[in-house]
Amino acid sequence: MISLKSKRLPVNTGIHLLPTSKFKTTLVSVSLQQVLNRESAAQTALLPAVLKRGTKQYPTLRDLEIRLEELYGATLTADVVKRGERQILTFSLEVINDKFAPGENLLQQGLSILKEVIGTPLLENGGFHKDYVRQEKEQLAREIQGLVNDKVNYALERCVQEMCSGERFGVYKYGSVEELQPITSGGLYDYYREILRGNPLDIFVVGEVDIEETFSLIRETFDFGRSSEPVKLPPVRVECVPERVSYEEEKLPVNQGKLTLGYRTNLSYSDGKYLDLLFYNGVLGGFPHSKLFQNVREKASLAYYVFSRLEKHKGIQLIGSGIEVKDYRQALDIILQQVDAVKKGQISREEMENTRRGIINRLKIIGDSPYSLVGYYLDGLIGGRPEERTEELIQKVERITKDDVVAVAENIHLDTVYFLRSTDEEEGGAN
Amino acid sequence: MRWQIKENESLKEKVFYTVPDGGPALFVFPRQGYNKKYAIFSTRYGSIDHAFRWNDRGQEEEIVLPDGVAHFLEHKLFDDEEGNVFDRFAYYGASPNAFTSFTHTTYLFSCTDFFAENFSLLLNFVQTPYFSEESVAKEQGIIQQEIRMYQDNPQWRGYFELLKALYARHPVRNDIAGSVESISKITKDILYKCYYTFYHPRNMAIFVTGDLEPDDVLKLVEKSLTGRSFPPFNLVQRLYPEEETAVNQREVTLELSVSQPLLNMGFKDTYSHLTGRELLARKLSTELLLEMIFGQSGPNYTALYEEGLIDEQFSFGFTAECSYGHTLLGGRTENPEKLHERLLIAIDETKKNGLATESFGRQKRKMRGEVLKSFNSLEFIANNYLAHYFREVDFFEILDILENISIKDLEKRLHTHLLEEQHAISIVYPLKNGR
């Protein structure tokens, strides 16, 4: 794997270079972290939407787009992602390698656009442009309400919201419509200035670049008057042993029921035992050979999709499946039996080895995409294992035993069963 | 030399091509520095091939099958006498998958280690059918859930409603997976019949990419062919009913559990058979034109966005298959009727005002950059290469074909394809009583 060349500036800013000639592009990705809060989530989510509407030099969407097109369709994105109990403003720019456009210096030109978008937004009376803020509030409100349109994700998100209703993690990555309403263009700009000054900022560059030159270029480009007294974000809450399992049910006019189970694993990415948990998840539901797929789909024919996955920073595991509403009890029983089987160590040698190879395969291909490389190292920063390479993880995965898997299973507790069901059927249902 | 090397200067890439004796076409695209190896094995057999004429031991016969057979077969080909081939891929750490489109079926895996073992598995399972009544019955439950999942997907529903509005007879109007009813009619015998017709080396191709030696890949293919013999290719003709030039229906609407309406708009192309560079050029020139009219730097996007008639997900594109083609555009909207009207006005205005040379140059540049960017992905390269091979064009020529497109080509597409009488819309509305 390509190793990270990092420099940390005294102003809570990290510059991370991943020099490689294997890609046809250069990717620059900028992450600004904020704690996930019910009160500020909508504000944070609104920022990238407003920022990419226009800058001082490129005041409209159209001006900005024309400039990007001139650079061979450079890709500029700005969005917010949720990692554990953090909301991360992510800006990225991808340009093609100069060997496909000789004499252009696309990276330098692209960086000046990215810098404009992050550092020199279009202002009006000391705040963001009013129309842009109003329009983006409307668009974001529709985006939040639109969660229900994708039933697969809706069911997973709803399970998390029920499960973590009193925790930061229960907040949707775009916040809520109610918190969006009172936001003003002036207030939003003040809020942005505050987080751009002190919150953790990390810049990644992946591509064929000269290390020293790029460090200086990035340092000069992304000088946002950062504070030397950085903001420290609170740690994520991971430990939780639920007193009892909550059963939640929701009715919508759907064809297929969605059964979702939320578990507390009491382990997160920053924990030394995280890889054992990853292994546990692989045995249970991370692959087609896993117990869930084999038993719910292949043996019982109850579902087309059934999987388990981890939210690595929060230490939550979700099991998701799409079933007939009438099959609720049967599907739930089979899922619980599989979880129980892993707990009891009923794991074959084949299941262990297939999972081991599957995980190693996934770790090895991280370096084959500029975006997954950035995602991997960003997770490392958040989880407090910033420079760990996949090779080190692979070595540890080689040594994981069945006992390790069973040991993590002991601290995993079912918290919430959420069932999205149709409005017109009598059978099934949660108890 | 066994290999024909297709080298492309614009992409700075080359692909190795050969046809092993009695085998399918083989392409190897070595890509240094990647850990991942990705291989696909495709047959030119998709959901639209549900009626065909074949030669059954000297007798020609016409067959019409229930919808969803190609997709069902894709699911069932993973079975063998010992159970399921997924397990053996898992043993070698690979990630196998398959998908069925309108025009072809593709089996694939990606891996980092044990390439030879995984590749041999792929070659062997695709060339060894094993269907039983019992396993067919079991799969019906799984595919039913797949169909139901899509029924709850508003984009998918709106898209198929539009295809039904555009086409009166062409089977592209039918869902790829079929319906709960149609798949209940699928039997073991139907699967075997389709298998032996369409899974013939002459109708198939393999594309392999990663840090690999072409000769090593070829040896594995030759080994998998040893001892296999294939009867003559017995497919005589794919039967596509004659499709009218005109659209089937102007407008269709439906109600679903959504937060906001969804507009899909389509323009039906008029060719009945087109292949090769001409087909790809048609796609590229139409997409450049759409970009000029509806793209973010065009004269319409900003106003539509600021009025809340479109959002970031507004999209457009041209589908270019050998037996049909259409432009699709649309997205979520507060007011589908008004958006529909405005999109038509935008086209009219463009016809009146003409196309700007300066914008055309930028769109070409942008498309060039986008193609190059997507060449970071091995999956993208492999999947597109074979899809275009079946359309009889070398995908690596894409930048050269793009370079040769002139603004005149776009004008022609504007005046012959984006015609009001050739368009239809579908609208998904939120349910009247509640969401």
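This is a predicted model: local features need pLDDT of at least 70, side-chain atom pairs count only at pLDDT 80 or more; totals for chains, interfaces and linings use all residues.
**Ground rules.** Local features need pLDDT of at least 70 and side-chain atom pairs 80 or more, while totals for chains, interfaces and linings use all residues. Residues are numbered from 1 along each chain as its sequence is written, and chains are lettered from A in the order in which they are written.

**Entry one: the largest pocket.** A pocket here is an open set of points on a 1 Å grid over the protein atoms alone, where a 1.4 Å probe fits, with protein on both sides within 12 Å along at least five of seven lines; lining residues have an atom within 4 Å of a point. I counted 24 lining residues, with A:Q33, A:R86, A:L233, A:L381 and A:I382 nearest the centre. Both domain 1 (5-221) and domain 2 (246-421) of chain A supply at least three residues each; the bounds come from an automatic or database domain assignment.

**Entry two: the second largest pocket.** Here I noted about 400 Å³ of space. Which residues lie nearest its centre? They are B:R44, B:R238, B:Y240, B:C322 and B:F390, out of 21 in the lining. Helix α13 (residues 378-390) of chain B, a DSSP run of H or I with at least four residues, gives the most, with 3 residues. I also saw that domain 1 (4-238) and domain 2 (251-430) of chain B both give residues to the lining, so this pocket lies between them.

Methods: Side-chain values use heavy atoms; hydrogens and water are left out. Grid points are joined across faces, edges and corners, and a volume is the space filled by probe spheres set on the points. Helices (H or I, at least four residues) and strands (E, at least two) are DSSP runs, numbered from the N terminus.
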